[in-house]
Amino acid sequence: MQVAPHTSAVFDRGAEANGSDASGDHIVVPLENSPFVIAAAAHHSTTTLQTPSALALYLASLHDLPSTEARADASLAGVVDSSLEFMHKRSQRQRPPVRFVLAGLPDADRHDSLAWMLRAFEVMNFSDATLFHAVLLLDRYYALQPYEEVGGVCASSQQRLLAAVAIALKTGPQEDLQLSVRQIILHLSRNSIDFSEVVIVEVAMLQTLQFCIGTPTTHDFCEALNTRCLNCDHRCKSLSDYLLQITLVDVHLHYKYSHAILAAAVLALALFAMRAPAEAFTCMLEDLAVIFVQSTLPKDELLNCCAEVHELWAESSCKGESAAEGYLWHLRAKFAREDRHGVSSMSPPDMPPLSFPPQYDIQDALNAIHQGMLACASSETGILSKHIASDAQNLKLASWMCGSRNSDIARHPVNAQHSFSGAGLGEESWFDRLEFTLRRLADRSRKLHYILAQHGWQTDEFSRPPDLERLFADVARVARDPAMDPHGAAGKEAKELSCIAIDTQYLGDYAEEIHHGLSSGSLWRPGRFSPAIGLVGLEARLSGLSLASE
C-alpha cells in the first residue's frame, strides 16, 4: 500500500472574521506530515456520531505501517470528516467576490504579481501551499481595500506583495523558513525596500483582513482529495497541481466555484486525461461527499467547472496567445521538470469528461463523430464528395446518394469512379476513418453498438448514411448519463427494430443476412425475438411498425 507523500504542516491560523472568544470556538491544531489541511472546530453542542467515511477508514488503515509519516497521517482518521466540512464552510465565507478583486487589482497587475511570485518561489524553493496562501491573501485584501491605499498607509505594489509573502511564510510550512523572514524579504526585494516598511504594510493588511489569515485554499482541498488516488498514475498528482496553478490566472474561474469544487474538478480532469480507472473517480466523489455531507453533492456544478478548466487548459496550451503568457511560460517550465513528470507538455483531451466515472469508449466515439462533423462541414466539393474516397467505399456511398443499391452507378463502377473524380481526397476519407474508429469502439461497448445500430450500423459499417448530428446527440446523451437506457424514447417497436440492426429500406437485399442472424442468435436480445419467428413473421412485424423515416 502506498502512503500519502510528505506535505506541509498546516493548521488553522487565526480566528474568524467576526472574532472568537475564550470558550474555544476554534482550535489551533499544528499537524506535521499531514496529507491535507486540518482546520478542526470545537462544537458546543453534542455532535451525532456518524459512520466514518472511506477516507477516515483509509487513514486508519495506515496505523500499523512502519513509516512514521504514515502513522502520523493515521492519527487524523478521527477528525478528518468534521475537519473537511469545517474547512469548506470557512473557505466559503472568506472566498472573495471576483468583481471586488478586479476592482482593487487590475488583471494585468495581478498577472505580473503571479509571474513574480512563481519565479521567486521557485528560486527560494517554497512550497505550492505557500504560493496559494499568498495569492489568496492578496486577492482577499484587494477585494476589501482600494487599489491606491493600504489602511491609510501609502504603499507600493511591491510592498504589498512582500507583506503577503511574509504573512504566508510565517503561517505556512516550517520547511519554507530556512532563513529568517527578514532575510527572505530583503533577498526577494534585493535590499531595495526597507524591511520596516514591509512590516508596516503587513500590519495594515492584517487589520484589513481582521487577522483572519488561516483560510483554506484550493491547494489544501486538492491535497485532501488526492489522498486516496495515489495508486493511480503518479502523473495525476502533478497534472492536477499544474491545472490548479493554471486557474490562478483566471480570477473569474478561480473564485466562481467553491474551493472544494474547483479542486475536485482539476483532479477529475487529471484522472480523465490519464484514463484512470473508475475506482479513482469513485474515491474522489466519496471524499468530496464528506465535504458536502449536509447537502447534495453538486455533480452538475462539478462537470461544468471541469469543462471550464478544460477550456482554460486548451487556451493556455496555445503559446503566446494568453494575456498571462509571462506567468504561463514560467509555469510550463516548472512542470516540465522530471520531478513534476513533465506534465506541462501533455495536450488536453479533445473534450472534458461528461460524467463521473467517465465512459471512455463512449466519449472516444463522441469525439470521433465530432471530428467527422468538422470534416464534413469543411468539405468544399458538395455533399457527395464528403463521403467519397477512391476504393469500394465510393460505390456504397454513391449508391446511397442515388437512393437505391440497384442504381445505375452501383451497377457501373466506372461511371461512379468518373462521377466523383477530382474530389481532392486521399486514399482514405474521413468517413473511412470514422467507421474504423467506431468499429473498434463498438466491439468493446455494447451500449455504443446499440446506439450505432439505431443509425444503420450493421456488423462493422453503416448500411446507410448516418445523420451525424443526431448520432452525436444520441451518443452525448448516454455519455452524460451512464445510467440512461440507450433505447431512449423511440418506443418499443423502435427498440426491436434497432436490436436486430436491420434497415427496412433494404429488407429484401438483406434477407439472407437476416435469416443467418436470426438462426445464429447474433442479431437479437433475449426476450425480443425468437428464431422460430422466421423471415415471414419478421417481415410482418416490420410492416406494422410506424417509424419515422430518415
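Okay, let's start with a definition: accessible areas here come from the Shrake-Rupley method with a 1.4 Å probe, and for residues only the protein chains shown count as cover. On that basis the chain exposes about 25300 Å², with carbon and sulfur atoms supplying 53% of it.

Now the ground rules. This is a predicted model, where local features need pLDDT of at least 70, side-chain atom pairs count only at pLDDT 80 or more, and totals for chains, interfaces and linings use all residues. Residues are numbered from 1 along each chain as its sequence is written, and side-chain values use heavy atoms, with hydrogens and water left out.

So how confident is the predictor? pLDDT is its confidence in each residue, from 0 to 100. The chain averages 75, and 67% of the residues score at least 70. Contact, by the way, means heavy atoms within 4.5 Å.

On to the fold. Helices (H or I, at least four residues) and strands (E, at least two) are DSSP runs, numbered from the N terminus. We have 27 helices and two strands. Of the contacts in the chain with a separation of 6 or more, 74% join residues 24 or more positions apart.

Buried means under 20% relative accessible area, exposed is over 50%, and partly exposed sits in between (1.4 Å probe, protein chains only). Of the 550 residues, 52% count as buried.

What's in the middle? In soluble globular proteins, nonpolar side chains tend to be buried together. A nonpolar core, for us, is a set of buried Ala, Val, Leu, Ile, Met, Phe, Trp, Tyr and Cys residues joined through side-chain atoms within 4.5 Å. The largest one has 106 residues, and Met117 and Leu288 have the most contacts inside it. Helix H13, residues 259-273, gives the largest share of this core, 13 residues. There's also a second, separate core of 25 residues, with Trp430 and Ile451 among them.

Leaving out residues up to four places away in sequence, Leu288 touches Leu225, Ala260, Ile261, Ala264, Leu297 and Leu302. Leu288 is one of the buried residues of H14, along with Asp287 and Phe281, among others. The cover over those buried residues includes H13, H15 and helix H17 (360-378).

Leu302, in turn, is among the buried residues of H15, as are His310 and Trp313. For H15, residues 299-317, that makes 27 Å for 19 residues, and the end C-alpha atoms are 27 Å apart, so it agrees. H11 and helix H16 (325-334) are included in what covers the buried residues of H15.

H11, residues 235-246, holds Asp241. That aspartate counts as buried because its relative accessibility is 5%. Setting aside neighbours within four places, Asp241 is in contact with Cys222, Glu223, Phe335 and Arg340.

Technical notes
The expected span of a helix is 1.5 Å times one less than its number of residues. pLDDT is the predictor's confidence in each residue, from 0 to 100.
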